[in-house]
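Please examine the sequence and the model shown below. The paragraphs that follow lead through them step by step.

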Amino acid sequence: MQLDCDLRFQSEEEAYRYVEGCMWPDGPTCPRCGEVKRVGRLNGSSTRIGTYKCYRCRKPFTVKISTIFEASHVLMHDWLKAIFLIGLSRRAIEAKDLGRILEVSPRTADFILARIRRATTARDPAQIFESLSSFKSAEKSPWRKPRPTPAGSAPSPQAPVASPPPRGDYEAS
Ligand SMILES: [Zn+2]
């Protein structure tokens with residue numbers, strides 16, 4: 001199976017440049033402080049592809065931060081192929097098929113599909129690209145307090161079972 005995107009994204013650099021063009025139409029933008037001017041590309045031999053440094057907050061960043069690509073070891077051109085395959089296939093693509101085409105493990109394919117689906121149910125690559133960042137807001141932030149569980153809903157399997165309050169006069173501290 002030969003697709004246009006196979007030819008377009010043969011290298012990781014090319015794939016990063018494509019995503020950067022989509023995410024940063026006005027040039028590299030620091031995802032932490034929003035700086036666009038005092039930003040430089042890092043080109044050291046040990047530097048990971050697509051790494052920039054913000055000279056305002058002094059932190060490095062890549063286009064993956066705060067997107068579905070964040071903290072994953074999946075190659076960027078595999079992510080892009082997956083996004084285009086979802087758009088090209090008539091039926092919902094299954095993890096085993098995606099794994100076979102991308103030559104990744106079924107587990108990795110499952111991870112890719114789960115992340116894309118968490119960001120959007122759209123199958124049009126352009127719409128998926130628009131939703132790349134919305135994935136982050138759906139993620140649980142460790143520093144954010146969990147929302148109170150709505151009354152009547154089932155507790156999550158990991159949640160400790162709340163013990164009933166003791167009978168009699170009891171004042172909650
Ligand atoms: Zn910054």
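E103 lies in the loop between α4 and α5. In this predicted model, the phi angle of E103 is near 60°, a positive value in a residue other than glycine. E103 has 9 other C-beta atoms within 10 Å and is therefore exposed.

The axes of helix α4, residues 95–102, and of α5 come within 8 Å and cross at roughly 110°. The angle makes α4 roughly perpendicular to α5. The crossing of α4 and α5 is right-handed.

Helix α5 covers residues 106–119, 14 residues in total. From the first C-alpha of α5 to the last, the helix reaches 20 Å, close to the 20 Å expected at 1.5 Å a residue. Which residues of α5 are buried? They are A109, I112, R115, I116 and A119. Seen down the axis of α5, these buried residues fall within an arc of 130°, so they line one face of the helix. The face of α5 turned away from this buried side carries R107 and A114, which are exposed.

Helix α3 may be considered next. It spans residues 76–88 and has 13 residues. The distance from the first C-alpha of α3 to the last is 18 Å, close to the 18 Å expected at 1.5 Å a residue. Of the 13 residues of α3, 10 are buried, so this helix is largely enclosed by the rest of the structure. The buried residues of α3 include M76, H77, D78 and W79, and also among them are L80, K81, A82, I83, L85 and I86. For the protein as a whole, buried residues make up 21% of the 173 residues.

Along the sequence, the elements follow the pattern α-α-β-β-β-α-α-α-α-α. The 3 strands form an open sheet in the order β1-β2-β3, and their pairing is antiparallel. At the edges of this sheet stand β1, residues 39–41, and β3, residues 60–61. Each of these edge strands has a single partner strand, so one side of each is left without a neighbour in the sheet. Strand β2, residues 52–54, pairs with β1 in the antiparallel sense over 3 bridges. Within this arrangement, V39 stands opposite C54 in β2.

Two further loops deserve attention. R58 is found in the loop between β2 and β3. What is the phi of R58? R58 has a positive phi of about 65°, although it is not a glycine. With 10 other C-beta atoms within 10 Å, R58 is exposed.

G27 has its place in the loop between α2, residues 12–23, and β1. Is G27 buried or exposed? There are 10 C-beta neighbours inside 10 Å of G27, and therefore it counts as exposed; the limit for an exposed residue is 12 or fewer. G27 and K37 are 10 residues apart along the chain, and their C-alpha atoms are separated by 8.8 Å.

Definitions and conventions
Residues numbered from 1 in each chain as written. Predicted model: local features only at pLDDT ≥ 70, side-chain atom pairs only at ≥ 80, totals over all residues. Helix = DSSP H or I, 4+ residues; strand = E, 2+ residues; numbered from the N terminus. Expected span 1.5 Å × (residues − 1). Buried ≥ 20, exposed ≤ 12 C-beta atoms within 10 Å, placed from the backbone. Arc of directions from axis to C-beta. Pairing = 2+ DSSP bridges. Axes fitted to C-alpha atoms, helices over the stretch in contact; angles between N-to-C directions. Parallel < 35°, antiparallel > 145°, perpendicular 65-115°, else oblique. Left-handed = near helix turned anticlockwise from the far one by under 90°.
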